[in-house]
Amino acid sequence: MTQIQGKVVRNTGAHYIVETPDGEEISCKVKGNFRIRGIRTTNPVAVGDIVTVSINEADKARGADATSWITAITPRRNYIIRRASNLSKESHIIAANVDLAVLVVTLAHPTTSTTFIDRFLATAEAYDVPALLAINKVDLLKDDPDEVELLDAVTYLYKSIGYPVMHISAATGEGMDAFRDALRDKVSLLTGNSGVGKSTIINSLIPGIEARTAAISEAHDQGMHTTTFSELYHLPGGGEIIDTPGIRGFGTIDFDRYSVAHYFPEIFEESKNCRFGNCTHTHEPGCAVRAAVDESRIAQSRYASYLSILEDSDEGADKYRKGY
């Protein structure tokens, strides 16, 4: 058996495609059971993982179809994870070993909810991944003063917390040069709701990618794999992006209720002034966070998102106690 290291660049459902240092792509299956702190995952291996692949050279020498196996995963620098579905107790690893988590959102056609944004940003905080908010389709907002005001308000909210926010239009090219610069020489996760324009963004970032993905789809007989499974692409100017399927909701997992505030920077900052060190910021007297919400120093939308994640944490604890 020959062993080689490579990076997982595509998940086709039945197989993982691993890219070797010399650019060869190997179709592999998983051998063994890989777990993260005992969390049950729908995908033990994720795009972005550095893995060890074992290849049966004897089969190849005989001209037989050789099955290659992923036998080990190099410890991850980080990863982004979410609950597989609202009713699931399993998680799904979106991507591993990323330098930047880019959340693509739209404020119209369709509208991305602030709850979705906040849940994603909190998860990025929890797993030590820097995040960037890219508001796409801004060209569709400029003729409506109310939508322009919304764009300004959302931008101000997240910039004031400390998150970089970029205005882009993949359709017209507005802001795309600056966006390319932000991704250069990084491994960036690109995710968001269905319909926010990720495919158009990728086509703008990588000229000719439509033809290449169609060829890959035909070769692997996977049909619409680029919208069904995650895939890593190399950027012409340096760096990589990991494209993910559009997702409807972002369920958090494995959050301790007393740690949730740590993943909301402005809530964590205010919590230092709470009367009790274990304040959950829901009912306790002397809560500085609720006072800050009442005084509009913390946005109502952010506080509501915080409470929704607390509900997730309580639900998870109840399932654990009941033996689900």
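T52 is where I would like to start: this residue lies in strand β4, residues 50-55, where strands are DSSP runs of E covering at least two residues and helices are runs of H or I covering at least four, both numbered from the N terminus. Please bear in mind that this is a predicted model, in which local features need pLDDT of at least 70 and side-chain atom pairs count only at pLDDT 80 or more, while totals for chains, interfaces and linings use all residues. Residues are numbered from 1 along each chain as its sequence is written, and side-chain values use heavy atoms, with hydrogens and water left out.

With a relative accessible area of 16%, T52 is buried, a term that means under 20%, with exposed meaning over 50% and partly exposed in between, for a 1.4 Å probe and protein chains only. Setting aside residues up to four places away in sequence, T52 touches Q3, I4, Q5, W69, I70, T71 and A72, contact being heavy atoms within 4.5 Å.

Turning to helix α3, residues 145-161, we find E147, which counts as partly exposed at 21% relative accessibility. Beyond its neighbours within four places in sequence, E147 is in contact with A108, L140 and L141, and the C-alpha atoms of E147 and A108, 39 residues apart along the chain, are separated by 8.2 Å.
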